[in-house]
Amino acid sequence: MTVYFIGAGPGAADLITVRGARTLAACQVCLYAGSLVPRELLAECPPDARLVDTAQLDLDRITAELVRAHEEGHDVARLHSGDPSVFSAVAEQMRRLDAAGVPYEVVPGVPAFAAAAAALKRELTVPTVGQTVILTRIAQQATAMPDGEDLATLGRSGALIVLHLAARYVDRVVEELLPHYGADCPAAVVAYASRPEEAILRGTLDEIAGQVKAAGVLRTAVIMVGRTLGARQFRDSHLYSPERERHGC
């Protein structure tokens, strides 16, 4: 049978995709991270489905559950918060399933940074201001970053930078980005995007660390820094330009 890696979205139960919900409803086994995935989503599972909270399981035990379900002839829903393509540890699971000969598919979900942008009511790419978004994190008590992917290097681009898993280390984030973005650069932090407890912090780069600490934000948050967050004066996109129509674009 098949393992389905399903993006559960950023938190709100109704932000799972239609395909994700339909797939979840068709799987006899569901593995989910209880600390991250909203329990309301489990209502989409069949009434007799076997539910496994992976919050306390290591990767080998998770893989064993996936292989076991496959061998028993069951389709498996492996629910991941956000979208499986970013900071999900899906790659390690896929590698193990390849070795075990277990087939799998991926169902994309709404990523946390998209939910944060929606909460801020901002487009992250703005004509003539910024057209690049960098998704990254910092290495603190986690896997080391590859060479050339430290904040000091990435910050030289001046592109909008979105940091996952970094709220605890906001002082370090500010310190490393200040030389490249400047103290007055717009910054924002969105915690628990799309959930009832959502918290939005806005300010400049030299203000945002104090706001984060005052609000007690420690996890389930993204930090955004870049000029597009505060853009007001910019040229309209070429997408809807009369010039584009005249040239048949």
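**Exercise 1. How many salt bridges are there between domain 1 and domain 2?**

Solution. Start with the rule: a salt bridge is a side-chain nitrogen of Lys or Arg within 4 Å of a carboxyl oxygen of Asp or Glu. Between domain 1 and domain 2 the count is zero.

Before going on, note that this is a predicted model, where local features need pLDDT of at least 70, side-chain atom pairs count only at pLDDT 80 or more, and totals for chains, interfaces and linings use all residues. Residues are numbered from 1 along each chain as its sequence is written, and side-chain values use heavy atoms, leaving out hydrogens and water.

**Exercise 2. Describe how domain 1 and domain 2 meet.**

Solution. Step one: find the parts. Domain 1 covers 3-107 and domain 2 covers 112-230, with bounds from an automatic or database domain assignment.

Step two: look at the contact (heavy atoms within 4.5 Å). Domain 1 gives eight residues to it and domain 2 gives 10 residues.

Step three: get the buried area, meaning the accessible area (1.4 Å probe) that two parts lose on being put together, summed over both. Here that's about 740 Å², with 63% of it on carbon and sulfur atoms. On the domain 1 side, Pro10, Leu36 and Phe87 lose the most area, together 62% of what that side buries.

**Exercise 3. Which kind of aromatic pair do phenylalanine 5 and tyrosine 104 form?**

Solution. Rings of Phe, Tyr and Trp (its six-membered ring) pair if their centres lie within 6.5 Å; planes under 30 degrees apart are stacked, over 60 edge-to-face, and the rest tilted. A search of the whole structure turns up one aromatic pair. The centres of phenylalanine 5 and tyrosine 104 are 5.9 Å apart and the planes sit at 70°, so the pair is edge-to-face.
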